[in-house]
Amino acid sequence: MGQGLAVLICGTAITSQYLASDYHVNTPMLQSFLNYALLCVTYTPILISRTGDGNVLQILRRRGWRYLLLGLVDVEANYAVVKAYQYTTLTSIQLLDCFIIPVLMVLSWCILKTRYRPVHYVAVFICLLGVGAMVGADLLAGRDQGSTSNILLGDGLVLLSATLYAVSNVCQEYTVKNLSKVEFLGMVGLFGTVFSTIQMVILERHELSSIQWSWQIGLLFAAYALCMYTLYSCMPVVVALTSATSVNLSLLTADLFSLFCGLFLFHYSFSALYLISLVVILVGFVTFNAVPTPTSAPSPPSCITEEGGCYDNPAVNLDDVSDKQVVAVAIIVTAEDGQGERRESDKDPRSKMDTRTRSNSKGHIPDGGYGSFSDVVYSTKI
């Protein structure tokens, strides 16, 4: 699925190059606007039609400012990397764009509590070696294209774009795993449309007025928007299944797919290093995903009350528990008394197989039931 996303990025690169080289159209904000507008038209109405906490008004009231910042970050990340092509070379962009990987790992460690193992760092290093082989092949083939008017500014824009993309992707992973994919896409589409429209009017109004529209240009814009829209729609699904870091490692092959297409479309020179680079990146990607990345253990409930338990901590999903976590399940055994009265668990169905403990401060079972704290059973997931 990650390689499918890489193919979509390849589609956006090819359509953008055709627009720039054959029709002299350089309007990155217009292209971004089409993508965000499609997201807004598709997913925001779903949020509007919802009731309760999932409604768009409730989302805006509770965490709207976060999505406002996320929309701004996502728009500027797309703009910065396109702007960098005016100041620095393709080689610098390809190399520095990998800066997103270490930034993602740091943010995932701090925000998402992801804990990496040594094999994951080795896998990332292998992927970066593959990128190095790709850049070497470009240099040998004479594809060190781009401007050199202000290399320092261009490289700074690439690093800024990589950092902003990392922030956006970490926020995306948190949202799709804890809230909703539709909520993420709907809110990013809403705020992305607003910011891209403002920026397009300010920065590209002259370029827009000078476009000589034709069906070919319209088709290229439509193809770009469709590829980008599909990428944004599918990426949350892949992130939910893996992680933002894993997805971005798989996206390193997008430049290689663009190069392979360029062999036929733009007559690029072929080099065996391209194939070596593809194999190396895929090996590193598979190695990274072969070992799971556990998260830090959540803290256990801090108190137990007579009314049915403490709700300070959310319920723990056993499927998400790491191999070193211990889940303490207190099972208080009550029995019928000598008169044959019903057990407490029969009186209250909610108490059956429940982790909420009905006990008093002295440690015995209320309501005349038999048992003591020796009846507490601790189970460990191994």
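**His-24 and its loop**

I started with His-24, which sits in the loop between helix 1 (2-21) and helix 2 (28-49). Helices here are DSSP runs of H or I with at least four residues, strands are runs of E with at least two, and both are numbered from the N terminus. I'm working on a predicted model, where local features need pLDDT of at least 70 and side-chain atom pairs count only at pLDDT 80 or more, while totals for chains, interfaces and linings use all residues. Residues are numbered from 1 along each chain as its sequence is written, and side-chain values use heavy atoms, with hydrogens and water left out.

I looked up phi for His-24 and got a value near 55°, which is positive in a residue other than glycine. I noted that most residues other than glycine have a negative phi. Is His-24 buried or exposed? His-24 is exposed, because its relative accessible area is 65%. The cut-offs: buried means under 20% relative accessible area, exposed means over 50%, and partly exposed is in between (1.4 Å probe, protein chains only).

Next I went to the loop between helix 5 (100-110) and helix 6 (118-140), where I found Lys-113. Lys-113 isn't a glycine, but has a positive phi of about 60°. Its relative accessibility is 39%, so Lys-113 counts as partly exposed.

Arg-117 is in the loop between helix 5 and helix 6 too. With a relative accessible area of 33%, Arg-117 is partly exposed. I then checked Arg-117 against Thr-293: they are 176 residues apart along the chain, but their C-alpha atoms are separated by 7.2 Å.

**Salt bridges**

How many salt bridges does a search of the whole structure find? It finds three. I used this rule: a side-chain nitrogen of Lys or Arg within 4 Å of a carboxyl oxygen of Asp or Glu. Side chains of opposite charge can pair when their charged atoms come close.

- I found Arg-62 bridged to Asp-53, with the closest N and O atoms 3.2 Å apart. Arg-62 is partly exposed at a relative accessible area of 44%, and Asp-53 counts as partly exposed at 49%.
- I found Glu-183 bridged to Arg-63, with the closest N and O atoms 2.8 Å apart. This pair links distant parts of the chain, as Glu-183 is in helix 8 and Arg-63 in helix 3 (residues 56-84), 120 residues apart. Glu-183 is buried, since its relative accessible area is 4%; Arg-63 is buried as well, at 18%.
- I found Glu-173 bridged to Lys-177, with the closest N and O atoms 3.1 Å apart. Both lie in helix 7, four residues apart, which is about one turn of the helix. Glu-173 counts as buried at 5% relative accessibility, whereas Lys-177 is partly exposed at 39%.

**Ser-168**

I stayed in helix 7 (residues 151-178) and picked Ser-168. Which side chain does the side chain of Ser-168 make a polar contact with? The partner is the side chain of Asp-74, at 2.9 Å. A polar contact is a pair of N or O atoms within 3.5 Å; within protein, one must be able to donate a hydrogen and the other to accept it, and residues adjacent in sequence count only if both atoms are side-chain atoms.

Contact in general means heavy atoms within 4.5 Å. Leaving aside neighbours within four places in sequence, I listed Leu-70, Val-73 and Asp-74 as the contacts of Ser-168.

**Annotated spans**

I checked the unreviewed UniProt entry: its "transmembrane region" annotation covers several spans, including residues 93-112 and 151-170. UniProt positions are in the numbering used here, feature names are shortened, and annotations may be inferred rather than shown by experiment. Residues 93-112 are 75% helix and 0% strand, with end C-alpha atoms 28 Å apart. Residues 151-170 are 100% helix and 0% strand, and there the end C-alpha atoms are 29 Å apart.

**Whole chain**

I finished with the totals. The chain has 14 helices and two strands, and buried residues make up 44% of its 382 residues. Among contacts with a separation of 6 or more, 83% are between residues 24 or more positions apart.
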